[in-house]
Amino acid sequence: MTDVQFDKQDQLEKIQAGLMEGETLFAVYDGKGVGTGFIGLTDRRVIIQDNSFVGGKSALTSLPYKRIQSVSYVADKSIFGKFATSSTVAIQVGVSTYEVEFRGDAKARHAHDVILHYVIHG
């Protein structure tokens, strides 16, 4: 079995509790900023906890790879015209775009690369 990369044990357990039979979990990364609680990456889908609902409610949203239209590694342009490192990934599904700000560039890159692999290769 693959070692799962994760930031927080409770987030890992929430994702593990909702996995489908035979689904492989790769990583669960804590999000920072407003809205996103965390993101989970499996061999079938991206799972995002969205904490932006009114009244303190949150949703666990599944984004099947076959429905994802694009994934972006978002970078801010520096004052010198060079791209700075990024820790944000944007995922487009239909008319919705889900942005996740990560705690570290390596985690953002890993998430981007996993999503891109499954979007391209199914």
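Helices, of at least four residues, and strands, of at least two, are taken here as DSSP runs numbered from the N terminus. On that basis the elements of this predicted model follow the order β-α-β-β-β-β-β-β-β-α from the N terminus on, which amounts to two helices and eight strands.

**Overall picture**
- Of the 122 residues in the protein, 35% are buried, and the accessible surface comes to about 7,300 Å², with 51% of that area belonging to carbon and sulfur atoms.
- Among contacts with a separation of 6 or more, 32% are between residues 24 or more positions apart.

**Salt bridges**
- Side chains of opposite charge can pair when their charged atoms come close, and the structure holds six salt bridges.
- One of them joins the side chains of K107 and D7, with an N to O distance of 2.4 Å; because K107 lies in helix α2 (residues 105-121) and D7 in the loop between β1 (5-6) and α1, this pair ties together parts that are 100 residues apart in sequence.
- Both partners of that pair are partly exposed, K107 with a relative accessible area of 24% and D7 with 27%.
- K8 forms a salt bridge with D30, in which the closest N and O atoms are 3.5 Å apart, and the pair links distant parts of the chain, since K8 is in the loop between β1 and α1 while D30 is in strand β2, 22 residues apart.
- K8 is partly exposed at 39% relative accessibility, whereas D30, with a relative accessible area of 4%, is buried; K8 and D30 are also linked with R103 in a network of salt bridges.
- Within helix α2, R109 and D113 lie four residues apart, about one turn of the helix, and their side chains meet in a salt bridge at 3.8 Å, N to O.
- R109 is partly exposed, with a relative accessible area of 38%, and D113 is partly exposed as well, with 37%.

**Two loop residues**
- E23, found in the loop between α1 (9-17) and β2 (25-32), has 8% relative accessibility and therefore counts as buried, the cut-off being under 20%.
- The side chain of E23 makes polar contacts with the side chain of T42, at 2.7 Å, and with the side chain of R45, at 2.7 Å.
- Apart from its neighbours within four places in sequence, E23 is in contact with T42, D43, R44 and R45.
- K57, in the loop between β4 (45-50) and β5 (59-64), is exposed, with a relative accessible area of 58%, and, leaving aside its neighbours within four places in sequence, K57 is in contact with D50, N51 and S52.

Conventions:
Residues numbered from 1 in each chain as written. Predicted model: local features only at pLDDT ≥ 70, side-chain atom pairs only at ≥ 80, totals over all residues. Heavy atoms only, no water. Buried < 20%, exposed > 50% of the residue type's maximum accessible area, 1.4 Å probe, protein only. Polar contact = N/O pair within 3.5 Å; in protein donor to acceptor, adjacent residues only side chain to side chain. Contact = heavy atoms within 4.5 Å. Areas by Shrake-Rupley, 256 points an atom, 1.4 Å probe, with all protein chains shown as cover. Salt bridge = Lys/Arg side-chain N within 4 Å of Asp/Glu carboxyl O.
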